[in-house]
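Reader: Take one part of this model and look at it closely: the salt bridges. Then set them against the rest of the chain. Keep it brisk.

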Amino acid sequence: MRALTLLYHDVVGGRDWDASGFPGRAAAGYKLDLDDFERHLAAVSAVAARRGTVRDVLQHTVGPPPVLLTFDDGGASAYAYVADLLERAGWRGHFFITTDYLDAPKFVTRAQVRELAARGHVIGTHSCSHPLRMSACSWDRLVAEWGRSAAILSDVLGEPVRIASVPGGAFSRRVAAAAAAAGIAVLFTSEPMVRCRIVDDCVVIGRYALRRGTRAAAAAALASGSLGARLAQFWSWNLKKVAKAVGGEGYSVLWRMAYGRQYAGSHGGPRVPMGEERGRQSG
């Protein structure tokens, strides 16, 4: 199985970075202005050999790998902007919802999630609380984050939700194994790769992240399958992965000091216990 999957987050108008999804400088680095996203979508649409969804990946069809568009966090822009733009361009997206924030200000509502699914978009979980370092969570917490969030979305949609994406880019085999134990069948990561893997019967699909400031031509190069564009992101990702592994919690602390602010309670939504603050690192 192979897939060319692009990872987006929020899309905002007028460069109002806090208008949708998680607030702060760190989160803003993964959000695109509306005009920029429209340019991305036009460029990607022009070169994608095969548009698809996760369903196409699982069918093992021959030919070029399908290009998938995914959107993490569950910010309000999924409903306000993104879905309409995708549909006009002939796409269906994958929206991964952080369920602790359902119905919170600047995030999608339960009614909007139901409508997105009815319009043919794929709904998955992005965990309950968006842990800063998912791979550092205990086994019990991992299973709870996947299982409880999937159950909430299943209740919203009236059908099983078995698709997820890893928050914070903090993937490990144990994260995938816990997802499988919680009933997740497909797990999207932030690792830039085309070939899918299997972990305990869970299909693991990599993604190529698009950040604020990324040119539309770069998105098009990835969607076209350009080896150079894919290798550039692969090496960049793995260098950062080594830094995270070596730095451990120190890397996260420095990252928050440089870019972020605490998310707990900053948007009027649920707070988290001390030491389990939410954050964002590519996903």
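**Salt bridges and their surroundings**

Arginine 141 pairs with glutamate 145 in a salt bridge, and their closest N and O atoms are 3.2 Å apart. The model is predicted, so this pair and the features below are read from a prediction. Both residues belong to helix H6, and their spacing of four residues is about one turn of the helix. Arginine 141 has a relative accessibility of 21%, so it counts as partly exposed. Glutamate 145 stands at 4% and is therefore buried, since the cut-off for buried is under 20%. Side chains of opposite charge can pair when their charged atoms come close.

Now a pair that reaches across the sequence. Aspartate 200 and arginine 173 meet through their side chains in a salt bridge, at 3.6 Å from N to O. This pair links distant parts of the chain, 27 residues apart. Aspartate 200 sits in the loop between strand S9 (197-199) and strand S10 (202-205), while arginine 173 is in helix H7 (residues 173-181). Aspartate 200 is partly exposed, at 43% relative accessible area. Arginine 173 has 52%, which is over 50%, so it is exposed.

Some salt bridges share partners. Asp84, Glu87, Glu115 and Arg119 are joined that way into one network. Glutamate 115 is partly exposed because its relative accessibility is 32%. Arginine 119 is buried because its relative accessible area is 19%, under the 20% cut-off. For the whole structure, the count comes to ten salt bridges.

Beyond neighbours within four places in sequence, arginine 148 is in contact with Asp100, Cys128 and Val143. Threonine 125 lies 23 residues from arginine 148 in sequence, and the C-alpha atoms of the two are 9.6 Å apart in space.

Cysteine 128 is buried because its relative accessibility is 0%. Cysteine 202 also counts as buried, for its value is 0% too. The structure holds zero disulfides.

Next, the nonpolar interior. In soluble globular proteins, nonpolar side chains tend to be buried together. The largest nonpolar core here has 36 residues, and Tyr8, Phe37 and Phe95 touch the most other members. Elements giving two or more residues to this core include helix H6, the helix of the opening pair, along with strand S1 (4-8), H2, strand S4 (67-71) and strand S5 (94-97). Helix H5 (110-118) and helix H8 (216-224) are also on that list, as is helix H4 (77-88). H4 gives the largest share, five residues. Phenylalanine 37 shows how the parts meet. Leaving out residues up to four places away in sequence, phenylalanine 37 touches Tyr8, Val11, Leu32, Phe71, Val82, Leu85 and Leu86. Apart from this core lies another one, of 20 residues, including Ala179, Ala180, Ile184 and Val204.

Threonine 53 is found between helix H2 (34-47) and helix H3 (54-58). Threonine 53 is buried because its relative accessible area is 11%. Its contacts are Leu68, Arg92, His94 and Val122, with residues up to four places away not counted.

Leucine 227 lies in helix H9 (residues 227-247). At 52% relative accessible area, which is over 50%, leucine 227 is exposed.

Last, the whole chain. It has ten helices and eleven strands. Of its 283 residues, 54% count as buried. The chain exposes about 11,500 Å², and carbon and sulfur atoms supply 54% of that area. Among contacts between residues at least 6 apart in sequence, 68% join residues at least 24 apart.

Notes. Residues numbered from 1 in each chain as written. Predicted model: local features only at pLDDT ≥ 70, side-chain atom pairs only at ≥ 80, totals over all residues. Heavy atoms only, no water. Buried < 20%, exposed > 50% of the residue type's maximum accessible area, 1.4 Å probe, protein only. Contact = heavy atoms within 4.5 Å. Disulfide = S-S within 2.5 Å. Core = buried A, V, L, I, M, F, W, Y, C linked by side-chain atoms within 4.5 Å. Salt bridge = Lys/Arg side-chain N within 4 Å of Asp/Glu carboxyl O. Areas by Shrake-Rupley, 256 points an atom, 1.4 Å probe, with all protein chains shown as cover.
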